[in-house]
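I opened my notebook to get to know a new structure, one stop at a time.

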Amino acid sequence: MTIILEVDNLVTRFYTKDGVVHAVNGVSFKLHEGETLAVVGESGSGKSVSMMSLLGLIPEPPGKIESGTALFGSGPAKRDLLKLSRAQLRRVRGKEIGFIFQDPLSSLNPLLTIGRQISEALVEHLGLSERAAREQAIALLEHVGIAGARDRINNYPHQFSGGMRQRVMIAMAIACSPKIIIADEPTTALDVTVQAQITDLMARLQEEMGIAVIWITHDLGVVAGIADRVLVMYGGMITEAANVDNLYKRPQHPYTIGLLGALPRLDTAGNGRLTSIEGNPPDLFSPLNHCPFARRCPYAFTRCWEEIPPDYHIGERQRVACFIEVETGKERP
Amino acid sequence: MTAKPLLSGRPLLSVRHLKKYFPIVRGVVISRTVGAVKAVDDVSFDIQPGETLGLVGESGCGKSTTGRTVLQLYRPTSGDVFFNGQNLAQMDDRALRDLRPQMQMIFQDSYAALNPRHSVGKIIGEPLVVHNKASGQTLRHRVAELLELVGLNPDYARRFPHEFSGGQRQRIGIARALALNPTFVICDEPISALDVSIQAQVVNLLQDLQAQLGLTYLFIAHDLSMVRHISNRVAVMYLGKIMELASRQELFSRPLHPYTQSLMSAVPIPDPEQERQRQRIILTGDVPSPANPPQGCVFHTRCPLAEEICRREVPTYREVQPGHFAACHLIDEQSSKAER
C-alpha cells in the first residue's frame, strides 16, 4: 500500500515559565492510504501534540518543533509539512488533511450558521460559487446523517446536540475529500450509544471515500473496533506500534500489557482485581534520557535508566521500544 | 405499592418512589414556573449492607441527582429514603446533620471538591473538626492514619491540592469521605476524570476499603464495564427512571430491557476479534430532554422494539423474575419476550 505520510523523529517542546515541557521526544511512523491508525495514550503522552505539530496547530511560542520531517503525499507532490509556510499549511489543512476535535462546540463558530461554516471551506479550497457551495453543504450534511439538512443548514451550532455537532464536524472534515483525517478524541465527550453512531459513520465514510484516518484516543475499547494499526504512546514516545490484532493478542511493551490489564471488560466475569500500573504519569519537565516508563515498570533494570530503548522489530507488523522481552523476562538481543 | 423491601434481608438503604423535579423558571422581574425537569422520576431500590449497587446511565439520565437526593443534598420533590429504617426525607436539617457522618460522598472532580487554599491535612481533618470528633494531637494522628489508609504518605498533610496528580487527589477525596467512619458512601463517577492506568488503582483501593471497613457503596458511573467490575447489583437509568435492576450476573448475562441491551451492545470491547464479530444494536438519535420527556415509556422514541402501547402507557417498574426488576411493556414475566 502507498505511504501517504511518513513522520521521522518529530520533537516538540514547550518553553513555559515553569520550565521546558518535553512533550514529543522523537516520534516516527508511517501512514498508509485508506487505513485507520489509532494513536493511544494517556493524558500527557504526547499523542495530540505530535499530531497537531504536523498540522502547524501548535501555538508558537511557547511551543517549538525542534526537529523532524513529515513527508506528506506521494510522487512529485510529496512535501515536508514541517517546512511549509503558514499560508501553504493553511491550504493543506482542511483541503488535503481534515480534522475533527473532541469538542465540536469550541471548534465551531457560535455566530455563524452551520451552512456558512461548511461552505466557507468549499469556496476557499475548491473555488465553488456561494450557491454551489451551499448545495454541496446540504449534500454533505445529508451524507453524515443529519435529517432535514436543507433546513438545518440555517441553524447555529448551539441548536444541535453533541452527537449532531460531531456529525457537522465530520461533514466539514470530509468537505474537500481530504486524503487524511486527523480525529482527536472525536467520541470522548459523547455518550456510549452516540459514540457507536459516530464510529459507525466514520467507518462508512472511510470505506466510501478511501480516506486514511489518524484516530487519537485514550480508549482501548474504541481502538479495537476501528483501527487497522495502533501506536501506543507514553512520555512523548511511541512505546509500541503494531497491527490491531497483534497489539491485543501479543502486546510486547510492559506499558501496553499494563494498560490492557487495567481495563475492566464487559464480556468477562469481572471478578478479582484489575492489574493497576503503580505510580504516576511521567514528569515531562525533565529531558528524556532513559525509558519514560522505567519508573513504573515491573521489569525495569539498570539499562532502562541509562538509555532510551531503541525500536525492536518483531516480525513485520510490530515494533516495541523496550529492552526486555516480557514473555521470557530476558534482555532482547 | 407499599414500602416493603424489594429484597429479603434488611436493607441499609431503601429508596421508594423518589422524585426530584427542578422547576423551569421564565422571566427575570416577574418570574413564573413554566415547567419542570424531571431529573429523578419515581425511582425505587434497596441497598443491602456491605454491597455495591452500581447506578449506570448516559449523561442527563438523573443518576447523579439520584445520589444527591438520596443524601438529601437536594431535598426530594416526593418519595422516601429510609436509611437504617429512618426516613431521611422527613427529617429536618438538624436531625440530618447528626446522621451525616454515616453517609458520605466521593466526587468526580477532585480538583473542584478540594479547597485549593487548604492544606491536605486541613481538608481531610475538616469533617472531624466540624463534627467535634477530634482536635489537636488526635486530629493530626487521625489525618495521618487516613492518608496511610488511602495509600498516601502521611507527610503529605502539609501539602496543597495542586501539588498532586489526579489519582492522588482522588485518594485525598476518599480519605476525607472516610474521616468520620461512614457506613454508606456514594461514589459519584469517582474515576471518570482519571487515566486508565490510574482508574484501576482507585477502583482497587475502593474495593480494598470496602472489604476492610465493611462499607456499602452506591457507585454511580457511565462506564458499564467498570460498573460490571465493581458492583454486586446494577441499576440502569434512562431519563430519570430505572429501566432495569438485577444482580450483576443476571443483568449482564440476560439483560431483559431493550435499553440495557442496546447500551451493552454499544460498549466497545477491547478485543479486535470480538469487535468484528459483534452485531451492534445502534440506537438512532439522542436522549430526549428531561424537561420534555416522551409520553408513555420514556425510551419508546429510540427503542427498536417499540409498539403502540409503549407510546401510550408508562410501563410499571416491576419484579419480572425474582430479584430482577424492569420497566418495559414487552417483557413477558415468564418467557421474557424481549430477550434475545
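My entries below go from the core to the chain contact, and then to some spots in chain B.

**Entry: the core.** A reminder to myself: this is a predicted model. I started with the largest nonpolar core, which holds 194 residues. Which members touch the most other members? I noted Ala171(A), Ile180(A), Ile214(A), Val230(A), Val236(B) and Ile242(B). Helix 7 of chain A, residues 162-174, gives this core its largest share, eight residues. In soluble globular proteins, nonpolar side chains tend to be buried together.

**Entry: Ile214(A).** I then looked up the contacts of Ile214(A), leaving aside neighbours within four places in sequence. The list has Leu31(A), Leu37(A), Val39(A) and Met51(A), along with Ile180(A), Ile182(A) and Ala183(A). Ile180(A) was already in my notes as one of the core members that touch the most others.

**Entry: helix 10 of chain B.** This helix spans residues 258-266, and I listed its buried residues: Pro258(B), Tyr259(B), Thr260(B), Ser262(B), Leu263(B) and Ala266(B). What covers them? From chain A, the cover includes helix 8. From chain B, it includes helix 8 (224-230), strand 9 (233-238), strand 10 (241-247) and helix 9 (248-253).

**Entry: a hairpin in chain B.** Strand 11 (residues 318-321) and strand 12 (residues 324-326) of chain B run antiparallel and are joined by three bridges. Glu319(B) stands opposite Phe325(B) of strand 12. Two residues lie between the strands of this hairpin, and Gly323(B) takes a positive phi near 75° there.

**Entry: Arg68(B).** My last stop sits in helix 1 of chain B, residues 63-70. Why does Arg68(B) count as partly exposed? Arg68(B) has 17 C-beta neighbours inside 10 Å, so it falls in that class, as a buried residue needs 20 or more. Not counting residues up to four places away in sequence, Arg68(B) touches Leu73(B) and Tyr74(B). I also checked Val267(B), which is 199 residues from Arg68(B) in sequence and 27 Å away in space, C-alpha to C-alpha.

Methods: Residues are numbered from 1 along each chain as its sequence is written. Chains are lettered from A and ligands numbered from 1 in the order in which they are written. This is a predicted model: local features need pLDDT of at least 70, side-chain atom pairs count only at pLDDT 80 or more; totals for chains, interfaces and linings use all residues. Helices (H or I, at least four residues) and strands (E, at least two) are DSSP runs, numbered from the N terminus. A residue is buried if 20 or more other C-beta atoms lie within 10 Å of its own, exposed if 12 or fewer, and partly exposed in between; C-beta atoms are placed from the backbone. Two residues are in contact if their C-beta atoms, placed from the backbone, lie within 7 Å. Two strands pair if DSSP finds at least two bridges between them. A nonpolar core is a set of buried Ala, Val, Leu, Ile, Met, Phe, Trp, Tyr and Cys residues joined through C-beta atoms within 7 Å.
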